[in-house]
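User: I have a model open and want to go through it. Can we start with the overall picture?

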Amino acid sequence: MHADVVTQHAVVIAGGGPTGLMLAAELALAQVDVAIVERRASQEVAGSRARGLHARSLEVLDQRGVVERFTSQGQAVQNVAFGQAHLDLSDFPTRHNHGLALLQERFERILAEWVGELAVPIYRGCEVTGFAQDDTGIDVALSDGRVLRAKYLVGCDGGRSLVRKAAGIEFPGWDASISYLIAEVEMTGAPAFGIRRDEKGTYAMGKLEDGRVGVVLREERVGTGDAPTFEGLREGLVALYGTDYGLRSATHLSRFTDMTRQAASYRDRRVLLAGDAAHVHSPMGGQGLNLGVQDAVNLGWKLAQVVRGVSPESLLDTYQAERHPVAARALRKTMAQTALSRGDARMDAVRETLAELLRMDGPRKQYAAMMSGLDVHYDLGNGHPLLGRRMPDLDLVTADGPRRVFHLLHDARPVLLNLSEPGTLDITPWVDRVRTVAARYTGAWELPALGAVTAPAAVLIRPDGHVAWVGEGTDQGLREALTRWFGPPRAT
């Protein structure tokens, strides 16, 4: 391989969808040289994909100071449901006690603009075709003949991930039990808008913004191979509705299934996986895009610290330890919702029973917190209920004036928030990596679903907004937490 055909980057990301873009932003904020390889020539998204964000994704964007870019383009909605039971978040202790209706195309465009401002190069119109790892890095081959040399490669290249397959990472799970056609069409007749259900599944039609009709049809037989056809769409309409409503054209036509799989490992040496490359499932519940964004925010700061030599490579093992269980739970819940979408009398009874349960305050809060991503709890050991959970966005009083907690996380750096006597916690050996903020807060501490918790004296907040250590009047365990998450102490 000739040196003059190799371009160097610290990290190469395969795939410029929501997960890849979010990861690139996280790495760029950490001053890591990152590049994206994206097969699309532009950020345009074909047809209907994800249609919104959940509350925790809005919080993550708020932590980085960019959430208004997205909320100004979408609409606040109560978009959490389970088994057709709608779950209201409006009484949750968060500034974002709702979701956001925003098409994936708009979401990606805004995210890509931010990534552009962060000066991340994107190799468009080409894709990763292979790679070779060695002790010092990884050579990534592109379809246009170029080679990128990097320290790490992250596969954010979707459910059919070439990166995952080339790394030899197994993708166990369940084959599809049902498939759906999804289309955006023009009709001369008057469509029957709304959701219908039969013994095999759910199907629906709805009005789109531009006057076209959005169609989701369950297929009579599971389709997984050949690309769907316009004639197949017409036949499906006639089979389910008795007419094609004067179907004239389809500007987008694709298929999705309830195939459910998860990568056995999220890492093979210098190769990592995130988003759909690591887990695929039914779109029931709208979990996919949101899971990918959370993967990126969990991985980004860890990978940055390893690349910069701040932390040992073993820090990357915590990415799978934390994110694999979260996705595994989401996969089980989407499988349950697919089963609940079937419409025979027995499943009607199950759905009615579940709806009764979810009208009760406790179950409603538990499931709403889970589906919105607000209840994610990384297992960091025993201790205060905050440990491993998202840090609430409190209104603080500091020497520099009022500050929100999320404002302290805009630059994606860890923060030691001291809420007791200033100067009582000495982290001098980590002062180059961890920012210390002395503040006062007199309000209640409340977590979604859990409720009120005891006010801590100090908290160590990771760049992803999760609490790595809780001080309850002493510095016990602080040095160990700093070393575990932000590298060994600097020699003085």
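User: What should I know about the source?
Analyst: This is a predicted model: local features need pLDDT of at least 70, side-chain atom pairs count only at pLDDT 80 or more, and totals for chains, interfaces and linings use all residues. Residues are numbered from 1 along each chain as its sequence is written, and side-chain values use heavy atoms, with hydrogens and water left out.

User: Which domains does the assignment give?
Analyst: Domain 1 takes 8-173 + 261-372, domain 2 takes 179-257 and domain 3 takes 389-486; the bounds come from an automatic or database domain assignment.

User: How far apart are domain 2 and domain 3?
Analyst: Their C-alpha centres lie 51 Å apart.

User: Switching to Glu26. Where does Glu26 lie?
Analyst: Glu26 lies in helix H1, residues 18-29. Helices are DSSP runs of H or I with at least four residues, numbered from the N terminus.

User: Buried or exposed?
Analyst: Glu26 is buried, at 2% relative accessible area (buried is under 20%, exposed over 50%, partly exposed in between, with a 1.4 Å probe and protein chains only).

User: And what is Glu26 in contact with, beyond four places in sequence?
Analyst: Arg64, Ala296, Val297 and Gly300, where contact means heavy atoms within 4.5 Å.

Technical notes: Helices (H or I, at least four residues) and strands (E, at least two) are DSSP runs, numbered from the N terminus.
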